[in-house]
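Open the structure in your viewer and keep the selection panel at hand.

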Amino acid sequence: MNAPLIDSFGRVHDNLRISVTDRCNIRCFYCMPAENVTFMDRRDLLTFEELERFARIAVTLGITKLRLTGGEPLVRRNLDELVRRLAAVPGIQDIGLTTNGLLLADQAEALFAAGLRRINVSLDALDPVRFKEFTRRDGYEKVIEGIHAAKRAGFDPIKINAVSVRGMTEDQVVPFGHFARETGVEVRFIEYMPLDADAAWEREKVLFAQEIVDQLSAEIQPLVALPPRDTRAPATDYEFADGIGRIGFIASVSQPFCLSCNRIRITADGKLRNCLFSLEETDLRGLLREGAPDDEIAALVRQSVSAKKEGHEINTARFVQPERPMYSIGG
Ligand code: SAM
Ligand code: SF4
């Protein structure tokens, strides 16, 4: 292996998030516009062969962990085939998937058979009416079915991702607390970030992690912070005092974790991004398609990582929201 991917702040990058599509079967308000979405031309999407090759190159740079995302990754046809290819890349130790769960009941077994073990299902509410307010679509029951199917298929861990939005999440907090206790599934609240297509985000609309900790501690049981399993993971995990039920927080707005970031991302159309909030990206699709040698592609990845900024500036007046919304970057 070559030298690891270290940026100018000493951060080592071993985690690659791969977006496999920008298409989605729902329209979460914090991510996509309600209508008139222009999706990428299918010919612009990296093929499975190109993604597999890029994963092999990434391994030589020290990448060991992959996560498939999108858009909705399960709308990409034959995703299990991609998982199988990536799982077979020597050096890849861990593959995860983030999905809205709508198609999970149909695909859980095939994905598990292909070698996937870790799944995060995004579910912002535990009632169908609030679910539709978040997603602008029906489908709550299908997601719940998907979670059960993933459990039956053997996935472990399964985590729920819930975006925390002031005025919408407060009355879901306690039901999620009970859900975590009853099912053993970890629920992780993600602070709403300024990556929505409508550019309607405001700091006042974020329900902060600490407020949820306080609410759960007051209304169910005290929450106790767990020692981090991986100091570079963005989530802070808690357990209820009686040891039953785990709750995690990704407090990107109130407690940014940029200083320990270990991630890079490739969009479905083959642009490398060194940060979710980056205003620049590096085109790799051209090189992958023109038959450029691995070394040249690796050098470009290295260059992008060394140009990584210290952190996002959400909490400053300097902040500029990236042109690409979340569904087009790959969350
Ligand atoms: N469609 C899949 C899903 O929803 O799980 C994968 C892609 S989605 C962009 C990945 C994650 O980003 C989801 O958990 C989603 O809730 C989260 N997300 C999207 N927009 C967000 C925002 N503006 N702030 C915080 N999280 C966001
Ligand atoms: Fe689709 Fe995921 Fe974005 Fe929701 S968060 S619109 S499910 S890509």
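**Sheet, then ligands**

Select the strands to see an open sheet of twelve with mixed pairing, in the order β9-β10-β11-β8-β7-β6-β5-β4-β3-β12-β13-β14; strands (E, at least two residues) and helices (H or I, at least four) are DSSP runs numbered from the N terminus, and two strands pair if DSSP finds at least two bridges between them. This is a predicted model: local features need pLDDT of at least 70 and side-chain atom pairs pLDDT 80 or more, while totals for chains, interfaces and linings use all residues. Residues are numbered from 1 along each chain as written, chains are lettered from A and ligands numbered from 1 in written order, and side-chain values use heavy atoms, without hydrogens and water.

Go to the edges, β9 (223-225) and β14 (282-283), each pairing on one side only. Strand β13 (271-273) pairs with β14 in the antiparallel sense over two bridges, with Leu 272 opposite Thr 282.

Next select helix α2 (79-87), which packs on the sheet and touches β3 (15-19), β4 (65-69) and β5 (contact: heavy atoms within 4.5 Å).

Now select ligand 1 and the 18 residues around it (a heavy atom within 4 Å). Show these polar contacts (N or O pairs within 3.5 Å):

- a ligand nitrogen, 2.9 Å from a polar backbone atom of Tyr 30
- a ligand nitrogen, 3.1 Å from a side-chain N or O atom of Glu 72
- a ligand oxygen, 2.5 Å from a polar side-chain atom of Ser 122

Finish at ligand 2, surrounded by Cys 24, Ile 26, Cys 28, Tyr 30, Cys 31, Met 32, Gly 71 and Asn 100.

How values were computed
Polar contact = N/O pair within 3.5 Å; in protein donor to acceptor, adjacent residues only side chain to side chain. Axes fitted to C-alpha atoms, helices over the stretch in contact; angles between N-to-C directions.
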